[in-house]
Amino acid sequence: LAKYPKNTIVQRPIVAAHRGVPSMAPENTMAGYRLAYDLGADQIETDLQLTKDGHIIIMHDTTVDRTTNGKGAVRDLTLEEIRQLDAGSKFGEEFAGEKVPTFKEFLQEFKGKDVILLIELKDVDIEEQAIREIKEAGMVDQVVLQSFDLGSMVKSFELHPEIPVGYLYSAAVPGTQSAKIKNAQKMMDYGTNYNVTLNASYGSTYKEFIQYMRQRGMLTMHWTFREEAPFRDKLAEGLIGPITDYMQWLTDSPINL
Ligand code: G3P
Ligand code: CA
């Protein structure tokens, strides 16, 4: 999963559909995920948060304001309140009635299908419950967890070492460079014992890093391609794992490495 066998010749990129296919369907909805799967996504990326009453739902922002017809922080709303919301209409009337997915619903939809779920832990203290729900669904071998929080990743692989994890690195996110680089180095050290990787923003990625990770046999996913020129340039440099809003770039013109 997070690793691929050394010396494997990767015939084509391993593509993650970021929040589904937000260029074609409302982000983080079941309609978007199904579309991503139908367009041939290798991985589907998604964001987890906890409701007021302790259920895991899928949403990127900490409030429901941008993507639904509701208002307020996810943490201040119950699951029932969140499930009343329309998560499709703002994108387009044809998606009216789409609901904010629960994590369980998302897992069930793709259980046993040929796709990896790239699950970002956005909330604090969500690791244990997320891993429990993954185990209950019998999907330990179909998921990768990722987070910007090193502590969350360490907690995750200590709770369940078999589940691959990816530390999200970017030169651009808040925090001092030296602290982030130290975390990234620690993560690489953990990689000798655990199935861990670094998922760096593509803007913080350069050829040597890509080659280094390939030599180590680690699959690194890079986020988030929203412009086609860098998408194609980076693939030409040898980048294997793009995370993108535009699955159609791949189906329009399959790219060989
Ligand atoms: O997959 C990584 C990427 O999703 C991180 O950024 O803000 O889109 O969650 P964000
Ligand atoms: Ca994300």
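This is a predicted model: local features need pLDDT of at least 70, side-chain atom pairs count only at pLDDT 80 or more; totals for chains, interfaces and linings use all residues.
The face of helix α8 turned away from its buried side carries the exposed residues Ala229, Asp233, Ala236 and Glu237. Residues are numbered from 1 along each chain as its sequence is written, and chains are lettered from A and ligands numbered from 1 in the order in which they are written.

**Helix α8**

- Helices (H or I, at least four residues) and strands (E, at least two) are DSSP runs, numbered from the N terminus.
- In α8, which spans residues 228-237, the buried residues are Phe231, Lys234 and Leu235.
- These three cover an arc of only 100° around the axis, so they sit on the same side of α8; the arc is that of the directions from the helix axis to the C-beta atoms.
- An α-helix has 3.6 residues a turn, so residues three or four places apart point the same way.
- Glycine 238 follows α8 and has a positive phi, near 110°.

**Where α3 meets α4**

- The axes of α3 (residues 103-110) and α4 (residues 127-136) come within 10 Å and cross at roughly 35°. Axes are lines fitted to C-alpha atoms, for helices over the stretch in contact, and angles run from 0 to 180 degrees between N-to-C directions.
- Phe103, Lys104 and Leu107 in α3 meet Ala130, Glu133 and Ile134 in α4, where contact means C-beta atoms, placed from the backbone, within 7 Å.
- By class, this contact has four nonpolar, no polar and two charged residues. Ala, Val, Leu, Ile, Met, Phe, Trp, Tyr, Cys and Pro count as nonpolar, Asp, Glu, Lys and Arg as charged, and the others, Gly among them, as polar.

**Around ligand 1**

- The surrounding residues are His18, Glu45, Asp47, His60, Glu120, Leu168, Trp223, Thr224 and Ile243, each with its C-beta atom, placed from the backbone, within 6 Å of the ligand.
- Strands β2 (43-50) and β8 (221-225) are the elements that give two or more residues to this shell.
- The shell has three nonpolar, three polar and three charged residues.

**Two loop residues with positive phi**

- Asparagine 28, in the loop between β1 (16-18) and α1 (30-38), has a positive phi of about 50° although it is not a glycine.
- Asparagine 28 counts as buried because it has 25 C-beta neighbours inside 10 Å.
- Aspartate 125 lies in the loop between β4 (116-121) and α4, with phi near 55°.
- Aspartate 125 counts as exposed because it has 10 C-beta neighbours inside 10 Å.

Key. Two residues are in contact if their C-beta atoms, placed from the backbone, lie within 7 Å. A residue is buried if 20 or more other C-beta atoms lie within 10 Å of its own, exposed if 12 or fewer, and partly exposed in between; C-beta atoms are placed from the backbone.
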